[in-house]
2 protein chains.
Amino acid sequence: MAELKERIVESSLYLFEQYGFHGVTVNDIVQHSRTSKGGFYHHFQSKDELLFMIHDTFITYVLAKADEAISTYEKPALQLHAIIQSFVKVFDLYKPHISVFYQESNYLKPHFDQLIKRKRDQFKQMIFQVIQQGQSSGEFRASLPAEITGMSILGMVNWTYKWYQKDGEKTIEEIAHTFSDIILQGILTPSAKENPQLKPLLL
Amino acid sequence: MAELKERIVESSLYLFEQYGFHGVTVNDIVQHSRTSKGGFYHHFQSKDELLFMIHDTFITYVLAKADEAISTYEKPALQLHAIIQSFVKVFDLYKPHISVFYQESNYLKPHFDQLIKRKRDQFKQMIFQVIQQGQSSGEFRASLPAEITGMSILGMVNWTYKWYQKDGEKTIEEIAHTFSDIILQGILTPSAKENPQLKPLLL
DNA sequence: ATTTACAGACCAACTGGTCGGTCTTAAACG
DNA sequence: CGTTTAAGACCGACCAGTTGGTCTGTAAAT
């Protein structure tokens, strides 16, 4: 009874994650889930509604968890910690859902896609190396995993495209400075923070 | 002479940013840039190639800047600082290009799009509030702009979908812990870091 | 007997891309 | 210096394939 619906969602997640929303047709979904056009449109008004449901699943979850975190703790630091914990863990539970949501670039044909990815990897490697060298030289805390640290920088900065506005309240300098400060405060060793050469980088 | 090409790129950026790659047809582009199908395909092999060129523009730039940063400075902390600075500033220069690259969800029809956005905003507001309260209570450094701090958390965590793998090297717990540590080290005031209630949150 | 769950042939609209042709420009020529 | 010529820039009607969605029909469940 309506088991078909779940099969459809499952297949969609699989296909969307791999080929992106626009790279997958309703026919593909129907075929992969061994059903029919009729079945699909019996359960979903449109291809868009299916996508919406995928989104809604995990967003609803994240919200509930954040609510919980805030009402459980008193201190902001504890609240924030709990929010981050649950927020991150959502990716373990709903990675396919989320990937579909933020899907992009899968519309670049393999040839072009490769070219772009190569350059992006290069950039990532450069950041990793700087972090590793910083850890070797004792400037950066060696207790932090370099890869995760690197990805947190990439994420923090890349996300800017979502909210930055040229004529908005925050200037690009202020943003750059704040990011840099948070990261450096977070990864510099206590002694490095006292280094007169590095001190000016911090607020 | 070939001025048309620039008009096409400009129009594409405008349209893609607003409606996404798949929401814009070659005809739309041609119309908006007051040219023709013929003109378009004279300058671009395909719609994909146009997208590729948009991507390549800013990625090439970022790479060059990072290279420069690394060769200019010796100390990793200074290198990292310079990379972050230029990396962030790219968004000022190439926001449309980058938006197109990371475009998604614009394929959700307005109705559904609104529903999703509402929940996401709610989540964002919760984070902002926690940060502000932390600043008021003296746990968090008040010198950091709350919005930028909030967005840096959102970016850092949301980006996880791009690299996290369930069966990868890094467990979700390790990732959550690292993120939380970097952020808290970055935003807690020195005195709050000594608070015995908060100390266990840090590495 | 009526509603729900599903099937699959069918269609209308759209989309990327093609192709023959025209206009402009500037070098080559006489 | 005027004319020919060839290449590049640009045009727009046209096409073939594809896609989301519909519609009629059937089997099962209540």
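The axes of H7(A) and helix H7 (residues 146-158) of chain B come within 7 Å of each other and cross at roughly 120°. At that angle H7(A) is therefore oblique to H7(B). The structure described here is a predicted model. The crossing in which H7(A) passes H7(B) is right-handed.

On the side of H7(A), the contact is made by A:Ser152, A:Gly155, A:Met156 and A:Asn158. On the side of H7(B), B:Ser152, B:Gly155, B:Met156 and B:Asn158 take part. Sorted by class, the residues of this contact of H7(A) with H7(B) are 2 nonpolar and 6 polar, with no charged residue.

## Helix H6 of chain A against helix H5 of chain B

A second pair of helices from the two chains is H6(A) and helix H5 (residues 76-101) of chain B, whose axes come within 9 Å and cross at roughly 150°. An angle over 145° counts as roughly antiparallel, and H6(A) and H5(B) are therefore roughly antiparallel to each other. H6(A) passes H5(B) in a left-handed crossing.

From H6(A), the residues A:Ile127, A:Val130, A:Gln133 and A:Gly134 take part. They meet B:Pro76, B:Ala77, B:Gln79, B:Leu80 and B:Ile83 in H5(B). The contact of H6(A) with H5(B) has 6 nonpolar and 3 polar residues, and no charged ones.

## The contact between the chains as a whole

Chain A gives 92 residues to the contact, and chain B also gives 92 residues. On the side of chain A that touches chain B, the elements giving two or more residues are helix H4 (47-72), helix H5 (76-101), helix H6 (110-136), helix H7 (146-158) and helix H8 (172-187) of chain A. H5(A) gives the most to that side, with 17 residues. By class, the side of chain A that touches chain B is made up of 53 nonpolar, 24 polar and 15 charged residues.

## The nonpolar core

The largest nonpolar core has 110 residues. The residues with the most contacts inside this core are A:Ile83, A:Ile84 and A:Phe179, together with B:Ile83, B:Ile84 and B:Phe179.

Which residues is A:Ile84 in contact with, leaving aside its neighbours within four places in sequence? They are B:Ile153, B:Val157, B:Ala176, B:Phe179, B:Ser180 and B:Ile183. One of these, B:Phe179, is also among the residues with the most contacts inside the core.

## Helix H1 and helix H5 within chain A

Inside chain A, the axes of helix H1 (residues 3-19) and H5(A) come within 9 Å and cross at roughly 50°. The crossing of H1(A) and H5(A) is left-handed.

H1(A) takes part through A:Leu13, A:Phe16 and A:Glu17. The residues of H5(A) in this contact are A:Pro96, A:His97, A:Ser99 and A:Val100. By class, the contact of H1(A) with H5(A) has 4 nonpolar, 2 polar and 1 charged residues.

## Arg34 in each chain

A:Arg34 is found in the loop between helix H2 (26-32) and helix H3 (37-43) of chain A. A:Arg34 has a positive phi of about 45°, although it is not a glycine. Is A:Arg34 buried or exposed? A:Arg34 counts as exposed, because it has 10 C-beta neighbours inside 10 Å, and a residue with 12 or fewer falls in that class.

In chain B, B:Arg34 lies in the loop between helix H2 (26-32) and helix H3 (37-43) of that chain. The phi of B:Arg34 is near 45°, a positive value in a residue other than glycine. B:Arg34 has 10 C-beta neighbours inside 10 Å and so counts as exposed.

A:Met53 is placed in helix H4 of chain A. With 16 C-beta neighbours inside 10 Å, A:Met53 counts as partly exposed. A:Met53 and A:Val9 are 44 residues apart in sequence, and their C-alpha atoms are 9.0 Å apart in space.

A:Ser71 is found in helix H4 of chain A. A:Ser71 is exposed, with 9 other C-beta atoms within 10 Å. From A:Ser71 to A:Lys199 the separation is 128 residues in sequence and 38 Å in space, C-alpha to C-alpha.

Terms used
Residues are numbered from 1 along each chain as its sequence is written. Chains are lettered from A and ligands numbered from 1 in the order in which they are written. This is a predicted model: local features need pLDDT of at least 70, side-chain atom pairs count only at pLDDT 80 or more; totals for chains, interfaces and linings use all residues. Two residues are in contact if their C-beta atoms, placed from the backbone, lie within 7 Å. Helices (H or I, at least four residues) and strands (E, at least two) are DSSP runs, numbered from the N terminus. Ala, Val, Leu, Ile, Met, Phe, Trp, Tyr, Cys and Pro count as nonpolar, Asp, Glu, Lys and Arg as charged, and the others, Gly among them, as polar. A nonpolar core is a set of buried Ala, Val, Leu, Ile, Met, Phe, Trp, Tyr and Cys residues joined through C-beta atoms within 7 Å. A residue is buried if 20 or more other C-beta atoms lie within 10 Å of its own, exposed if 12 or fewer, and partly exposed in between; C-beta atoms are placed from the backbone. Axes are lines fitted to C-alpha atoms, for helices over the stretch in contact, and angles run from 0 to 180 degrees between N-to-C directions. Angles under 35 degrees count as roughly parallel, over 145 as roughly antiparallel, 65 to 115 as roughly perpendicular and the rest as oblique. A crossing is left-handed if the near helix is turned anticlockwise from the far one by less than a right angle, and right-handed if clockwise.
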